Amino acid sequence: MTQSSPLTRRSRQWSSPLRSRMSEFLADNRHTELSYQDALAAAQAEHERVRHDAIRVFNDHEVREECRRLQEREDAVKREQKREEERIRNEERVRAEEERLRALKHKTVPKLPPEPPAPQLNGSGPLNSVPASGPSQSLEAVGPGLKPPSSASLQQLLNGSVPSVNGAKTAQPVPTQSLPFGQNASPSKLSPFASPFQPSPAATPPTAPRNAPATSTSSALPPDQYVVIHQNLKKLRASLAEQAKSLPPLKARMGDMRRELRKSLGQMVTEKGANKKQTQAIQALLIESLNGSVPSALADPSPYVTDQREPMDGAVYNEPQMPSLFLYMMNIFAKAVINQFINECGAQPKAADPLGVIAAQIFSNPKYQWRGKTLIDILMAKFRVVCPVLFGYRGSEKTDAGRTRLGWVRSGAGWMAEHDHSGRMSGLAVGYAAISLRDFSKSANTNPWPPSKYWTSLARILNTPPAEISDTQCVVVRGMIELYEERFIQFYGSAAIAALRSALIDFPSKAPDKEERPAVKALEVVASILQKEIGLKL
């Protein structure tokens, strides 16, 4: 039994279906050189195949890993790029103000001798008794013939002069837009805006009864036309919202038109000739709202202008009504321009010029006028609400009522930060200059808001009594002059130089506590910058 076991095991071992293959290894020629070479070749081929497959898989893995690393690196670079762009934008917003503040810190101004007594404003004494001091003498030294071109109505608005009474000229309240608080204007020798039009005679003090009813007179004055227009524009917006409920085409298109207009206006850049596409898009939207392709009710434009208009020969639109959607889009355009001035031009004043160009271009286009005259009163109504200083309003920044008159905006339970308010007023002032100081000498259209309006606004501020000068007025004056002083001089010549001296030298010098008020001292810094950069010594 023990002897037969190996035979049995051997029989089971070689009784496999692979017996024929195994027999090849047991063949007699299995140890020949040829068989070894064949086996070696087969092994090498298999080795090469496995090696190539391994290399291919490894290379594919490396490529995928490299792509993943590159993608992660690209994403990280983009994130870092966005952060850096945001940081640069934030730095650019405050760079201009930081430079001005730095200049203020290093500037020292010698103190002036005490000023003569300020005029009494409570009615106990005459305003005309203010003595003629240094500023008037300096203006006379410039030349006796400094007279900016303006109409007779502009002269009366700036000077508040009336015909002589008993051989002497007296003062009367200026119209509502110039002095809205019932103050009595007097022929001032401290401003170049008044002296060229009216030589300073020996002023006869008005009697007490003439000054006494000033407050009651102001209460009887009609409401500010621009404020009324602003309220009417709010009613127009509500009217369009009601129309949209019953006119599906208007509802579907009105919101898109509003967004497209704001988008095109937000894409305006300072490079010359780079805003052609944006301008065409804005004009296409206005034409679409005007030609009736989007249905809307007709509306009378009279509530949105300050004058009474009659049909005019050659006017594109003489009808008593225009599409309400067009008036609504002009309102949206004006509002977008104002918002751009507020949000961008305080930190970047140069951004105001393309906005001034498009505003002047739209409001001077005869296609967008009514009865041959511009609809720019829509834009000026918004200027009046957000920057009353441009229209002669003034007040104390120490009281809530005064801040309201100066255009301060409430933030929560209090007022917005002083820095934000200054940036807001500065942007609006430079925007106002960008609109009003445009040269239409080579244009076939009429200037919708000529430079005389700029002169008038500047005069209203500079004719403020010293005791009532506010920081907001100083910020607005600086914004109106910076970047546009050369254009102002091109329009008015020597009279503009005298006006700049009044604005940058005389006006801040008579402000009370000027050493403690950076906004006042900033005007003197502008004067020194003009002398340094363009050689204009005031």
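Modeller: First a term: a contact means heavy atoms within 4.5 Å. On that basis, residues 24 or more positions apart account for 73% of the contacts in the protein chain with a separation of 6 or more. Bear in mind that this is a predicted model.

Colleague: What does the secondary structure of the protein chain come to?

Modeller: The chain has 20 helices and 4 strands.

Colleague: And what percentage of the 538 residues is buried?

Modeller: Buried residues make up 42% of them.

Colleague: Let's look at helix packing. At what angle do α16 and α19 pack?

Modeller: About 30°, with the axes 11 Å apart. Here α16 is residues 451-462 and α19 is residues 494-509. Angles under 35 degrees count as roughly parallel, and α16 and α19 are therefore described that way. Their crossing is left-handed.

Colleague: Which residues make that contact?

Modeller: From α16, Trp455, Ile461 and Leu462. The α19 side supplies Ala495, Ala496, Ala499, Ser502, Ala503 and Phe507. By class, the contact of α16 with α19 has 8 nonpolar residues, 1 polar and no charged.

Colleague: How does the span of α16 work out?

Modeller: At 1.5 Å a residue, the 12 residues of α16 should span 16 Å, and the end C-alpha atoms are 17 Å apart, which agrees.

Colleague: What does serine 436 touch?

Modeller: Leaving out residues up to four places away in sequence, serine 436 touches Asn447, Trp449, Pro450, Pro451 and Tyr454. Of these, Pro451 and Tyr454 are buried residues of α16. Serine 436 itself lies in helix α15, residues 418-436.

Colleague: Buried or exposed, that serine 436?

Modeller: Serine 436 is buried, with a relative accessible area of 0%.

Colleague: Different pair now. How do α8 and α9 cross?

Modeller: At roughly 130°, and their axes come within 5 Å. Helix α8 is residues 225-246 and helix α9 is residues 248-266. At that angle α8 and α9 are therefore oblique to each other. The crossing of α8 and α9 is left-handed.

Colleague: Which residues meet there, in α8 and in α9?

Modeller: Leu240, Gln243, Ala244 and Ser246 in α8 meet Pro248, Leu250, Lys251 and Met254 in α9. The contact of α8 with α9 divides into 5 nonpolar, 2 polar and 1 charged.

Colleague: Last topic, backbone. What is phi of arginine 371?

Modeller: Positive, about 55°, although arginine 371 is not a glycine. Most residues other than glycine have a negative phi. Arginine 371 sits in the loop between α12 (352-364) and α13 (377-386).

Colleague: And aspartate 513, where is that?

Modeller: In the loop between α19 and α20 (518-533). Phi of aspartate 513 is also positive, near 55°.

Colleague: How accessible are they, arginine 371 and aspartate 513?

Modeller: Arginine 371 is buried, with a relative accessible area of 10%, whereas aspartate 513 is exposed, with 57%.

Key: Residues are numbered from 1 along each chain as its sequence is written. This is a predicted model: local features need pLDDT of at least 70, side-chain atom pairs count only at pLDDT 80 or more; totals for chains, interfaces and linings use all residues. Side-chain values use heavy atoms; hydrogens and water are left out. Axes are lines fitted to C-alpha atoms, for helices over the stretch in contact, and angles run from 0 to 180 degrees between N-to-C directions. Helices (H or I, at least four residues) and strands (E, at least two) are DSSP runs, numbered from the N terminus. Angles under 35 degrees count as roughly parallel, over 145 as roughly antiparallel, 65 to 115 as roughly perpendicular and the rest as oblique. A crossing is left-handed if the near helix is turned anticlockwise from the far one by less than a right angle, and right-handed if clockwise. Ala, Val, Leu, Ile, Met, Phe, Trp, Tyr, Cys and Pro count as nonpolar, Asp, Glu, Lys and Arg as charged, and the others, Gly among them, as polar. The expected span of a helix is 1.5 Å times one less than its number of residues. Buried means under 20% relative accessible area, exposed over 50%, partly exposed in between (1.4 Å probe, protein chains only).
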